[in-house]
Amino acid sequence: MIHHDLIVVGGGLSGLRAAIEAKMAGIDVAVLSQVHPARSHSAAAQGGINAALGNHPNGADDSWERHAFDTTKGGDFLGDQDAIVQMAKDAIPCIFEMDHWGCPFSRFEDGRIAQRPFGGAGFPRTCYGADKTGHYLLHTLVEQAYRLQVKFYVEQYVTELIVHEGLCQGVVAYDMIRGGFEAFTANAVVVATGGYGRIYSNSTNAIINTGSGMAMAYRAGVPLKDMEFVQFHPTGLRTTNILMSEAARGEGAYLVNGLGERFMERYAPKFMELAPRDITARSIQTEINEGRGINGEPYIYLDIRHLGAEKILERLPGIRDLAIHFEGVDAIEAPIPIVPSQHYSMGGIDTNMNGATIMPGLFAAGECACVSVHGRIGLGGNSLLETIVFGRRAGAEVIRFFADLREKRPNARTAFAAVEKVENTMKTLADRPATVDAYALRTEMTVLMKEHFFLFRDEPTMKAGLDKLADIKDRVSKIGLRWTGSIFNVDMIRTYELEGMIDVALTVAQGALVRQESRGSHYRTDYSTRDDANWLKHTLAFYQAGVSGPRLDFKPVTLGTFELEERKY
Ligand SMILES: Cc1cc2nc3c(=O)[nH]c(=O)nc-3n(C[C@H](O)[C@H](O)[C@H](O)COP(=O)(O)OP(=O)(O)OC[C@H]3O[C@@H](n4cnc5c(N)ncnc54)[C@H](O)[C@@H]3O)c2cc1C
């Protein structure tokens, strides 16, 4: 058994920022991560991070108020306005802090941090480092965490939370390097495990983004919020769904259909290619569905040729490389074939704006959490911002929590029992003859999510999808391991986490079926308008043992700063 005052699960931007905040206050903090922190999905973020710095010549009048308004409207008014205002205010000092810690942001001629336009924003307010912003931010925080001597346990896969009498007191982890399971006890845990993208077969996310942290909290009794809101990015590469960042359109890229038309004129004449992601993604899909894909095939083009080689090489080198390596297309010479792809998890572990959950001692931050600031469609550049702003706030909240905490001794018996339970689960997986193949089942589930819960939703399709999911959940009890070794058993991890993925998928599916309106990314062909009278509320999904889907409940949205209006672009 290993003890630290604070355990942070996840070494992405949100986990590191929380750990740094706590460590700076003298707290004994350890970060557990299934990959080296610098390999977290945050490193894949390309386009940038929003803050109303007002550095762009066309953005001098920008302000946190405008940033907060764009975010609220972008989220179709389902974001909590107090949290959004806080994020827009905190954004400015957070960016300067990252700058001072050495993040190599791109610069304007006068030396100020450069900003580019992004979808749904009234001003060019997205700060960036070429098209490798996440990589730069993440390495900056990794350096700071090392400088402060935050303790890292790398290649540790966390399987569950340790909960004693309603308090979160640590986690159980599989040590991939040495083999075996260990209890890490703590007085508080911050879950910062990122998104669940991989429950869809067509995701831009890393293989490890399976929503494991959400599943852990959910099974421990903490609700997941607004799970039906899934962001689909307009531009993933046709064959792999690898992201072609919005930075491309921010720099002036065109979207072109099989007839050679810049079709966004029909859908968002003012914003064109820079309309918010949900609108752009649905427009692309409509072109495809109506037979105007390239040569009638289900994809369209992202064209940046007119930007010229010099600008492409300076501002979008990463995108060009990805298109060359994964699609065989040099974007300087040819348009890039793209399709809409699952990209971001707006829903997540229900937290307040300080990262606290309903379970004392359990906090969450980043993409795995739902604060909620994104409402129903996260604006590009706000997700990176969320990780840093709310990672920091979660760290600060842990400091306050510790100041009030009387009993500081996690219960050892509960911790040992938790380890034993996980060991028994793994033994069952290893011993039973696998009559159902875990990987085939996983593919069946991820394809189903794409087919039944994608950009356009309707009741019969979703009901059929839910039935199939329930059937998949039944069959999960028949999967087993292909390999039973103890060292680096990735087969065991992927097999074990499948049930959690199915549980998370069920919260998405159930929430989507119940919400009879269209709002942001959740678009229903059978209820095609927003319905504030009945649906201006958050969905909460509670785990029910022994039942395939969640119990749903609702809670009000925090309003009060901005008036409701129709979301038009
Ligand atoms: C391709 C791509 C491009 C993007 N571009 C942008 C952009 O330009 N601007 C923007 O604002 N947003 C962007 N986003 C979104 C943004 O990058 C993410 O929302 C954000 O980085 C998530 O950070 P995080 O710290 O919450 O999680 P992650 O960075 O995903 O980190 C999760 C961490 O948790 C660990 N972990 C997970 N499960 C376990 C477990 N069971 N046990 C132990 N450790 C575990 C992982 O090892 C990892 O360290 C992009 C996302 C993608 C996929």
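Is phenylalanine 488 buried, partly exposed or exposed? With a relative accessible area of 38%, phenylalanine 488 comes out as partly exposed; here buried means under 20% relative accessible area, exposed means over 50%, and partly exposed is anything in between (1.4 Å probe, protein chains only). This is a predicted model, so local features need pLDDT of at least 70 and side-chain atom pairs count only at pLDDT 80 or more, while totals for chains, interfaces and linings use all residues. Residues are numbered from 1 along each chain as its sequence is written, and side-chain values use heavy atoms, with hydrogens and water left out.

Phenylalanine 488 sits in the loop between α14 and α15. Helices (H or I, at least four residues) and strands (E, at least two) are DSSP runs, numbered from the N terminus. The backbone at phenylalanine 488 has a positive phi of about 45°, although this residue is not a glycine. Isoleucine 487 lies in the loop between α14 and α15 and, at 39% relative accessibility, counts as partly exposed. Together, Ile177, Ile487, Phe488 and Val490 make a nonpolar surface patch of about 310 Å². Patches are made of residues with over 30% relative accessible area and no salt bridge, with like charges joined within 9 Å and nonpolar side chains (Val, Leu, Ile, Met, Phe, Trp, Tyr) within 5 Å. The accessible areas come from the Shrake-Rupley method with a 1.4 Å probe, and for residues only the protein chains shown count as cover.

Two other backbone spots deserve a look. Most residues other than glycine have a negative phi, and most peptide bonds are trans. Aspartate 226 is not a glycine, yet has a positive phi of about 55°. Aspartate 226 is found in the loop between β12 (224–225) and β13 (230–237), and with 0% relative accessibility it counts as buried. Then there is the peptide bond between valine 371 and serine 372, which is cis, with omega about 15°. Serine 372 belongs to the loop between β19 (369–370) and α11.

On to the charged pairs. A salt bridge is a side-chain nitrogen of Lys or Arg within 4 Å of a carboxyl oxygen of Asp or Glu, and by this rule the count comes to 46 salt bridges. One of them links aspartate 90 with arginine 393, the closest N and O atoms being 3.1 Å apart. Aspartate 90 lies in helix α3 (residues 81–100) and arginine 393 in helix α11 (residues 382–404), so this pair ties together parts that are 303 residues apart in sequence. Both aspartate 90 and arginine 393 are buried.

Aspartate 278 is buried, with a relative accessible area of 2%, and arginine 282 is buried with 13%.

Glutamate 459 and arginine 524 also form a salt bridge (3.9 Å, N to O). Glutamate 459 lies in helix α14 (residues 459–475) and arginine 524 in the loop between α15 (490–514) and α16 (532–535), so the pair ties together parts 65 residues apart in sequence. Glutamate 459 counts as partly exposed at 24% relative accessibility, whereas arginine 524 counts as buried at 0%. Elsewhere, salt bridges that share partners join Asp76, Glu228, Arg515, Glu517, Arg519, Arg530 and Asp532 into one network.

Helix α11 turns up again in helix packing. Two packed helices are described by the angle between their axes and the distance between the axes. The axes of helix α1 (residues 13–24) and α11 come within 7 Å and cross at roughly 35°; axes are lines fitted to C-alpha atoms, for helices over the stretch in contact, and angles run from 0 to 180 degrees between N-to-C directions. Contact means heavy atoms within 4.5 Å. Among the residues that meet are Leu13, Arg17 and Glu21 in α1, and Leu384, Ile388 and Ile399 in α11.

Tyrosine 218, in helix α5 (residues 212–219), is buried with a relative accessible area of 2%. Not counting residues up to four places away in sequence, tyrosine 218 touches several residues, including Leu224, Asp503, Phe542 and Pro550. Leucine 307 is found in the loop between β15 (300–303) and α9 (309–315) and counts as buried at 16% relative accessibility. Leaving out residues up to four places away in sequence, leucine 307 touches Glu251, Gly252, Ile312 and Leu316.
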